[in-house]
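Take a first walk through this structure with me. Keep the sequence and the 3D view side by side as we go.

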Amino acid sequence: MTHARWQRQLSAYVDGELTPHEAEEVQAHLAQCESCQVELDRLQSLKSLLGRLPERTVPETLWMSIRAQLDRPQQSWIAKVEQWLQGVVRRPALAAAALALVAILVAIPLVRGRLERLRAAELGPDLYIREHALASASDPFLDRAYLGLLISDASLALVGTPREETEESR
Amino acid sequence: MMRTLIPAIWLATTLAVPGLRAVASASLPSARDVVASMAAAPALVDYEATKVLTAVHQDRAETITVLESYKRLGRLRLEFLSPESVSGRLVIDDGVSVWQYEPSQHLVIHGPSFVHPAEGPERVEEFLRSALIAVLGTEDVIGRQTVVLAMETHDAGPSRRYWVDRETGVILRTEERDARGEVVFTSFFTRISFGLNLPSALFRFTPPSGARAIDLYESGDPVSSPEALRQASGAWVPTTLPFGYRFRMGAVVHHGALTSTSASYTDGVRTLTVFVTASSQMAFPQVGVPVTMESGPARLLDVGYFRVLMWQAGGATYALAATLSPSRLLLVASALPQRP
């Protein structure tokens with residue numbers, strides 16, 4: 001048995017819950033294990049401390065209220081919603097927060113869609129230029145260097161880093 | 001009668017433009033031969049060069065200097081030198097995917113390849129059918145003899161002029177003008193070294209240690225008909241559009257939460273792309289300048305070289321991207337049937 005397991009047995013030993021055989025084993029272990037002896041002393045003093053605490057009786061009203069809850073019929077979901085709404089009306093800040101959350105959840109896809117459409121409007125012409133330049137490569141007498149410039153410029157714009165025009169190129 | 005008359009008038013007008021008059025020469029190659037050599041060049045030669053690009057948009061022009069290296073078949077390395085805003089940018093297309101390194105942000109972006117290997121004879125024929133093409137003469141560019149080729153679509157839209165290296169078929173100089181004749185784009189090599197075999201390591205990207213890496217593959221599997229696109233995305237686009245544009249391919253494009261349907265059209269030379277995005281996914285973009293369409297307000301974004309027209313109809317945002325003038329974009333947009 002591991003040491004950790006001996007320590008778990010100690011609590012049952014103090015409460016007298018072990019079989020005689022198990023109790024003998026624990027006693028044999030305690031005779032040769034100082035740390036378990038210390039733990040046993042601690043558990044025994046704790047038990048003695050708890051034993052000295054005064055007993056308190058449960059108030060009769062508590063039992064009555066529990067019984068009343070148990071006897072009450074199940075509420076329908078409509079009643080639950082009504083109850084929730086009444087709670088919400090009583091707490092306007094909570095209601096406002098819930099409404100704001102719903103509005104945000106509805107607005108996120110709409111805003112994202114609008115942003116994507118605007119972003120597409122920025123990229124669309126560059127996509128057209130690149131694809132047209134690539135299609136124009138079928139013309140064998142078109143200048144390849146200029147085609148390379150158009151395609152590479154449009155590719156740069158598509159990846160979000162368009163070429164800056166300098167005064168030199170004006 | 002008219003079919004033969006229009007190219008003749010166009011050629012006469014083109015040759016009559018001051019400063020672009022070329023001496024007719026019996027030794028000039030045919031337009032077909034020049035286009036074929038341009039189409040075949042990516043399979044024949046490697047080069048390492050310095051190029052200057054100038055693109056005009058709205059009231060300003062931007063000039064870019066770039067070191068350009070090309071290796072057969074379809075591998076490209078671009079190191080941008082100036083202006084300051086692109087200086088140090090590295091773009092490597094290994095023929096399968098493209099890697100972009102942005103040193104100022106220590107950022108790597110990985111996406112689909114935009115370099116195609118050499119084109120076959122069918123594509124050359126398509127070019128010859130779709131555009132008015134004429135050899136204007138010869139000119140020296142950075143000490144090399146070039147053939148000057150003029151190309152314009154049948155609807156008298158933007159025109160291009162190429163200075164094609166006679167020996168290799170590589171385009172050494174390009175100029176594009178809008179329908180009013182204003183130059184909108186030029187590119188030219190200031191030096192070029194041709195090689196038969198540039199080292200492969202030059203076209204292999206090794207991410208710098210600690211760099212943030214982002215994958216940008218936005219397009220889904222391509223579909224080859226408007227009907228298949230409708231089944232994939234619910235968006236309806238027509239088979240043809242004004243100015244001879246025919247449906248080429250479509251895809252559903254995703255970027256994060258944004259999903260759009262793209263449909264690419266070609267007139268045999270140029271590309272036009274229609275995008276349809278549900279308005280529930282995207283607010284109306286506020287970039288570019290406001291323009292008015294019959295269906296309501298629209299916006300026009302001038303990227304330089306091409307423009308994007310955007311408008312809303314039937315619960316969707318439509319966008320048209322093409323190298324077309326604003327008036328032509330509006331014409332195409334008004335002919336595009338809206339989502340039922």
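What follows goes through chain A and then through parts of chain B. The model is predicted.

Begin with chain A. Its secondary structure is quickly told: 7 helices and 0 strands. Read from the N terminus, the elements go α-α-α-α-α-α-α. The radius of gyration of this chain is 40 Å, while the globule rule gives 15 Å for 170 residues, so chain A is more spread out than a compact globule. The box tells you its extent. Along the principal axes, the C-alpha atoms of chain A fill roughly 105 × 60 × 35 Å.

How much of chain A is buried? Of its 170 residues, 35% count as buried. The cut-off for that word is under 20% relative accessible area. The accessible surface of chain A is about 11600 Å². Carbon and sulfur atoms hold 60% of that surface. Now look at contacts in chain A with a separation of 6 or more. Residues 24 or more positions apart account for 48% of them. Chain A carries 19 positive and 23 negative side chains. The centres of these two sets lie 9 Å apart.

Now turn to chain B. Its loops hold some backbone details to look for. Most residues other than glycine have a negative phi, and most peptide bonds are trans. The next stops depart from that pattern.

Start in the loop between β2 (60–71) and β3 (75–82) of chain B, where Leu73(B) lies. A cis peptide bond joins Arg72(B) to Leu73(B), with omega about -10°. Move on to the loop between β3 and β4 (90–93) of chain B. Pro83(B) is found there. The bond between Ser82(B) and Pro83(B) is also a cis peptide bond, and its omega is about 5°.

Next comes His106(B). Find this residue in the loop between β5 (97–102) and β6 (107–112) of chain B. His106(B) is not a glycine, yet its phi is positive, near 50°. Is His106(B) buried, partly exposed or exposed? With a relative accessible area of 29%, His106(B) is partly exposed.

Follow chain B on to strand β7 (residues 131–141). This strand is mostly covered, with 8 of its 11 residues buried. Its partner is strand β8 (residues 144–153) of chain B. The two pair in the antiparallel sense, over 10 bridges. One pair to pick out is Gly137(B) and its bridge partner in β8(B), Val148(B).

What lies between β7(B) and β8(B) in their hairpin? There are 2 residues between the strands, and Ile142(B) takes a positive phi there. That phi is near 40°, in a residue other than glycine. Ile142(B) counts as partly exposed, at 37% relative accessibility.

Strands of a sheet pair through backbone hydrogen bonds, either parallel or antiparallel.

Strand β14 (residues 245–255) of chain B meets strand β15 (residues 258–266) of chain B. They run antiparallel and are joined by 9 bridges. Here Phe247(B) stands opposite Tyr265(B) of β15(B).

Now go to strand β19 (residues 306–313) of chain B. This strand is mostly covered: 7 of its 8 residues are buried. Which strand does β19(B) meet through 6 bridges? That is strand β18 (residues 296–304) of chain B, and the two run antiparallel. Ala298(B) has Trp311(B) in β19(B) as its bridge partner. The hairpin of β18(B) and β19(B) has 1 residue between the strands. In its turn, Tyr305(B) has a positive phi of about 75°.

Strand β20 (residues 316–322) of chain B is also joined to β19(B), by 7 bridges, and again the strands run antiparallel. Leu309(B) stands opposite Leu320(B) in β20(B). These strands form a hairpin too, with 2 residues between them. Gly314(B) sits in the turn with a positive phi of about 55°.

Methods
Residues numbered from 1 in each chain as written. Chains lettered and ligands numbered in written order. Predicted model: local features only at pLDDT ≥ 70, side-chain atom pairs only at ≥ 80, totals over all residues. Heavy atoms only, no water. Buried < 20%, exposed > 50% of the residue type's maximum accessible area, 1.4 Å probe, protein only. Helix = DSSP H or I, 4+ residues; strand = E, 2+ residues; numbered from the N terminus. Pairing = 2+ DSSP bridges. Rg over C-alpha atoms; globule rule 2.2 N^0.38 Å. Contact = heavy atoms within 4.5 Å. Areas by Shrake-Rupley, 256 points an atom, 1.4 Å probe, with all protein chains shown as cover. Lys, Arg positive; Asp, Glu negative; His and termini not counted. Charge placed at Lys NZ, Arg CZ, Asp CG, Glu CD.
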